[in-house]
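Me: I am new to this structure and would like a close look at a single part of it. Please take me through it slowly.

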Amino acid sequence: IQAAYLQKGGVKTAVLERRHVIGGAAVTEEIVPGFRFSRASYLLSLLRPHIYKDLELKKHGLKVYLRDPHAFTPLLEEGVGGRPPRSLLLGGDMSENLRQISVFSERDAKAYPAYQAYMEKLASAIDPLLDAPPVNIPGMTQGSLRKRLAALWTLRPLLQTGLKLGKNIPDFYELLTAPITKILNRWFESEPLKATLATDAVIGAMTSPDAPGSGYVLLHHVMGEVEGERGAWGYAEGGMGGVSQAIANSAQAHGASIFTEQAVERVLIGKDGSAKGVVLKGGIEIHSKVVLSNATPHVTFRDLTPQDSLPPDFIKAVSQIDYASPVTKINVAVNRLPSFLAAPNSPDGRPGPHHQCSIHLNCESTEVLEQAYQQATQGHPSTRPMLEVCIPSVLDPTLAPPGCHVVSIFSQFTPYWLEGGRAWGEEDRERYADSVFGWIERYAPGFKSSVVGKEVLTPPDLERIFGLTGGNIFHGAMSLDQLYLARPLPAFSNYRSPIKGLYLCGSGAHPGGGVMGSAGWNAALAVLDDLQRG
């Protein structure tokens, strides 16, 4: 994204990708013959609308299948009177949502529209903060009067957010700081509904729904938009690699050069202490005016940057960034569609509305999520893990052979190190995958026998393959101490680093994780501004 915007600004740009396929964690790969997986990132929503439009991504090949309904939570229970177990199906049809929720609580059904409006108001209010760098505090307190006045302009997005929030500022503050269970308990009484909503507050985060600050991650996951529909999530045709390829096509159309299998060994630092380019693993030097890193802050500043060129205090602070991850991603090829006890397949085997959803398993209550988290903190993979199951081939037939499907299982909680500091081995991966499949089998009998291939990616695997430090999908925890002015570090939240000409442009910078593009957009504007100033 930053390459496309820099090229549009007249700066000749080259993109160096370590792997054989572009896109970082947003890639499509054929892990099982004939089955194409969104190997890491698997859903699209957070990509900023103005970037989607500016880069003409639809023109450059991006097609998105919107999901409606979008959430399905079946329960493990005995059906009553011959009926199937209960389930909760949520989507864009509010009247149907209320009917679904009323099965569990009439009170919750009445409260749900107000809750949705409440969350949408808070989410839309922070839009200005996503599309601009954080407030320039140093600029307002140092330098000439002219520079201080210019820095005051960076207050504008914060003021816009404040005006949008209005009397809801205290509510926003509470959501940022409170446990998500506190917020949800105020609104609702039925556990399946609360647990379904709480998954968005802990997904990808090594945190508990009872932990203070978990509310922000929920907000982060409801502030998306797909093709003008607020809060919608979709599947990119051809997998998430389709998103990356459309962005690459746009960048190349503007003149950017993209090179794969070109791993950077280190950043070149000149005698004046500024970045002068990079050295590739093969020893080739590439010289440039600026260097932008889409790697994590740890990889950028601890692995790629000569340590003697950085202040010791900065190195120490980078080393203290939290990268804890609870995620093990399992990619599965199946020869038939799962049939859930709560929503059995039709005789013709055609997908039902629930098959296109994020299917939440082991979400009977927030207590189940809490117990899963607690086990991981002791070095044990959750014995009853929180599972988000997606079957994108239900909407996108390009991903699997006829009659077959690709299944994405986003599971947590799993620790980076097992009990006693032991590393994951192949037996550990197989044991955990078998446990996950066993739980799915309880909700959808026959699932195990439908599996024709799989890949298990634990936190260390996500780190090794995709460069995600600690396996953290956000390039660093989305906790309050690592957001906005403190992302990645206080005094370095403006995409610049202690080294002139070296910038951070990935999810480790503001506003954080997700296939969003904001960090790349903001970083490109910072570079263009610096180059103009000389």
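How do the residues of the lining of the second largest pocket divide into nonpolar, polar and charged?

Reply: The lining divides into 22 nonpolar, 13 polar and eleven charged residues (nonpolar: Ala, Val, Leu, Ile, Met, Phe, Trp, Tyr, Cys and Pro; charged: Asp, Glu, Lys and Arg; polar: the others, Gly among them). This is a predicted model, in which local features need pLDDT of at least 70 and side-chain atom pairs pLDDT 80 or more, while totals for chains, interfaces and linings use all residues. Residues are numbered from 1 along each chain as its sequence is written, and side-chain values use heavy atoms, without hydrogens and water.

The lining has 46 residues, and Asn-136, Arg-496, Asp-529, Asp-530 and Arg-533 lie nearest the centre of the pocket (a pocket is an open set of points on a 1 Å grid over the protein atoms alone, where a 1.4 Å probe fits, with protein on both sides within 12 Å along at least five of seven lines; lining residues have an atom within 4 Å of a point). Among the elements that give two or more residues to this lining are helices H6 (137–141), H7 (145–152) and H8 (156–165), together with strands E12 (275–280) and E20 (502–504) (helices, H or I, have at least four residues and strands, E, at least two, as DSSP runs numbered from the N terminus). Helix H20 (518–533) is also one of these elements, and H20 gives the most, with seven residues. The space in this pocket is about 1,500 Å³ (the volume filled by probe spheres set on the points, which are joined across faces, edges and corners).

Eight of the eight residues of strand E18 (residues 405–412) are buried, so E18 is largely enclosed by the rest of the structure (buried: under 20% relative accessible area, 1.4 Å probe, protein chains only).

Key. Buried means under 20% relative accessible area, exposed over 50%, partly exposed in between (1.4 Å probe, protein chains only).
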